[in-house]
Amino acid sequence: MHLRKVIAAILIPFAAAVLIGLAVLWPGGAPPHERTGVGFDRQTQQASVTKVVEVSCKEAGASGVPPTGDTSTAEGSSAVQQENGTCKRATIRVDSGKDKGRTFTEIVQPDQSRQLEEGQEVVVAYEPSAPKDLQYSVTDINRRLPMALLAGIFALAVVVVGRLRGVMALVALAISFMVLNLFILPAILQGSNPLLVAVVGASAIMLIALYLCHGLSARTSVAVLGTLISLLLIGVLGSLFIGWAALTGNTDDNTGLIHGLYPTIDMSGLLLAGVIIGSLGVLDDVTVTQTSAVWELHEANPSMGWRGLYRAGIRIGRDHIASVVNTLVLAYAGAALPLLLLFSIAQSSVGTVANSELVAEEIVRTLIGSIGLVASVPVTTALAALVVSADRPGVQPAVQPAVEASAAPARGGKGRRRKR
């Protein structure tokens with residue numbers, strides 16, 4: 001009971017501080033800006049491909065033959081192939097917006113990765129300042145139906161296997177997205193400190209998700225406390241090494257566009273915020289698993305002290321560490337696979353690749369997150385062992401009532417005896 005009071009004395013003020021942080025930093029919506037027409041910052045509409053006919057690339061005017069006629073380069077050779085190849089002329093109908101029903105044509109070259117087919121649903125970009133026949137262009141394929149179907153299959157699998165706990169997990173997932181879209185992103189765009197916003201937002205997500213999915217109990221509180229300590233460690237290490245390695249957080253077109261639209265945003269702080277939020281999901285998994293393992297060990301052997309519980313729990317945690325760290329590294333490597341292929345094609349050395357800021361960001365992100373994961377295992381295991389070992393079986397009176405003594409043989413002598 002004393003340890004539970006200590007945990008409550010820590011978590012209740014922490015939860016109050018999170019609520020105050022949400023109230024103070026609440027943005028009230030992202031600030032407006034003039035669209036640049038670059039990347040994701042474009043007006044888009046839904047459209048459909050109504051007709052596709054094959055035409056000569058030369059007749060369609062899609063030839064890219066170099067003026068010098070040099071075919072020794074990859075670009076020149078590709079241009080000659082386009083000159084002699086067959087292109088597609090697609091007719092596109094706009095299905096949404098003020099120009100609904102309007103049609104335009106687009107030439108698809110044979111070497112383009114995205115080929116259009118009749119009846120296909122697409123996304124088109126709209127540029128009002130362009131000439132009328134060039135205002136619309138196809139930017140992507142409409143993938144809403146397969147994505148929605150996949151999300152439905154995922155939700156069904158979670159509910160069927162997890163039952164009520166699965167439903168609560170889906171509710172927590174929806175709340176996490178709401179916190180991300182309604183608080184974290186708009187608050188950063190409003191100019192608030194990205195690190196502070198990430199800490200408050202991640203803490204709110206952690207409290208809501210863990211207590212909603214696992215209930216209001218000492219077990220969940222231990223997992224929350226272990227996650228909190230690990231997040232603090234990740235924040236300290238991230239702040240130290242991101243600054244020491246001089247990582248700017250501005251490494252690609254998307255971050256460059258954000259910096260151009262909102263110059264006041266601290267991009268290195270945004271990078272650190274991403275590290276904290278990205279580590280939270282895996283931390284929840286580790287801390288909840290370790291806490292549950294210690295609780296189950298105690299249920300199996302209530303006489304085991306906290307040292308025995310810690311040693312048994314840490315053995316489970318070592319297996320968890322090995323699998324989780326490997327998963328985290330492979331996840332980042334998979335996301336950066338095209339970039340790693342480019343370095344491989346250029347035959348760059350490992351040191352050169354690791355020193356580039358684009359790769360160094362992922363290395364720092366992975367290692368800091370992994371250190372936090374590794375640290376969360378002994379911290380959470382020790383907390384859980386201390387709390388659960390404080391529970392002792394109730395002491396029975398020295399003299400049992402005569403009625404109970406006489407009733408014991410009626411159960412065939414198989415009644416459970418409590419340890420004194």
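What share of the contacts in the protein chain with a separation of 6 or more comes from residues 24 or more positions apart?

Solution. Those residues account for 71% of such contacts, where a contact means heavy atoms within 4.5 Å. Before going on, note that this is a predicted model: local features need pLDDT of at least 70, side-chain atom pairs count only at pLDDT 80 or more, and totals for chains, interfaces and linings use all residues. Residues are numbered from 1 along each chain as its sequence is written, and side-chain values use heavy atoms, with hydrogens and water left out.

Next, the overall make-up. The protein chain has 13 helices and five strands; these are DSSP runs numbered from the N terminus, with helices being H or I of at least four residues and strands E of at least two. Of its 420 residues, 35% count as buried (buried is under 20% relative accessible area, exposed over 50%, partly exposed in between, with a 1.4 Å probe and protein chains only).

**Exercise 1: aromatic pairs**

Work out how Tyr126 and Tyr136 are arranged, then do likewise for Phe241 and Trp244.

Solution. Start with the method: a pair of aromatic rings is described by the distance of the centres and the angle of the planes. Rings of Phe, Tyr and Trp (its six-membered ring) pair if their centres lie within 6.5 Å; planes under 30 degrees apart are stacked, over 60 edge-to-face, and the rest tilted.

Step 1. There are four aromatic pairs in the structure. In one of them, the ring centres of Tyr126 and Tyr136 are 4.9 Å apart and the planes sit at 35°, so that pair is tilted.

Step 2. Tyr126 belongs to strand E4 (residues 121–126) and Tyr136 to strand E5 (residues 136–141), so the pair ties together parts 10 residues apart in sequence. Both are buried: Tyr126 has a relative accessible area of 10%, and Tyr136 has 6%.

Step 3. Now Phe241 and Trp244: centres 5.8 Å apart, planes at 35°, so this pair is tilted too. Both sit in helix H6 (residues 218–244), three residues apart, or about one turn of the helix. Phe241 is partly exposed at 35%, while Trp244 is exposed at 66%.

Step 4. Finally, look for a cluster: ring pairs link Phe104, Tyr126 and Tyr136 into one.

**Exercise 2: helix packing**

Which way does H6 run against H12, and how does H4 run against H5?

Solution. Two packed helices are described by the angle between their axes and the distance between the axes. Axes are lines fitted to C-alpha atoms, for helices over the stretch in contact, and angles run from 0 to 180 degrees between N-to-C directions.

Step 1. The axes of H6 and H12 (residues 357–389) come within 8 Å and cross at roughly 150°. H6 and H12 are therefore roughly antiparallel (angles under 35 degrees are roughly parallel, over 145 roughly antiparallel, 65 to 115 roughly perpendicular, and the rest oblique).

Step 2. H6 passes H12 in a right-handed crossing; a crossing is left-handed if the near helix is turned anticlockwise from the far one by less than a right angle, and right-handed if clockwise.

Step 3. Residues of H6 in this contact include Leu225, Ile229 and Phe241, and those of H12 include Ile368, Ala375 and Leu383. By class, the contact has 17 nonpolar, seven polar and no charged residues (Ala, Val, Leu, Ile, Met, Phe, Trp, Tyr, Cys and Pro count as nonpolar, Asp, Glu, Lys and Arg as charged, and the others, Gly among them, as polar).

Step 4. For H4 (residues 144–189) and H5 (residues 194–214), the axes come within 9 Å and cross at roughly 165°, so these helices are roughly antiparallel. H4 passes H5 in a right-handed crossing, and the contact has 18 nonpolar, three polar and one charged residues.
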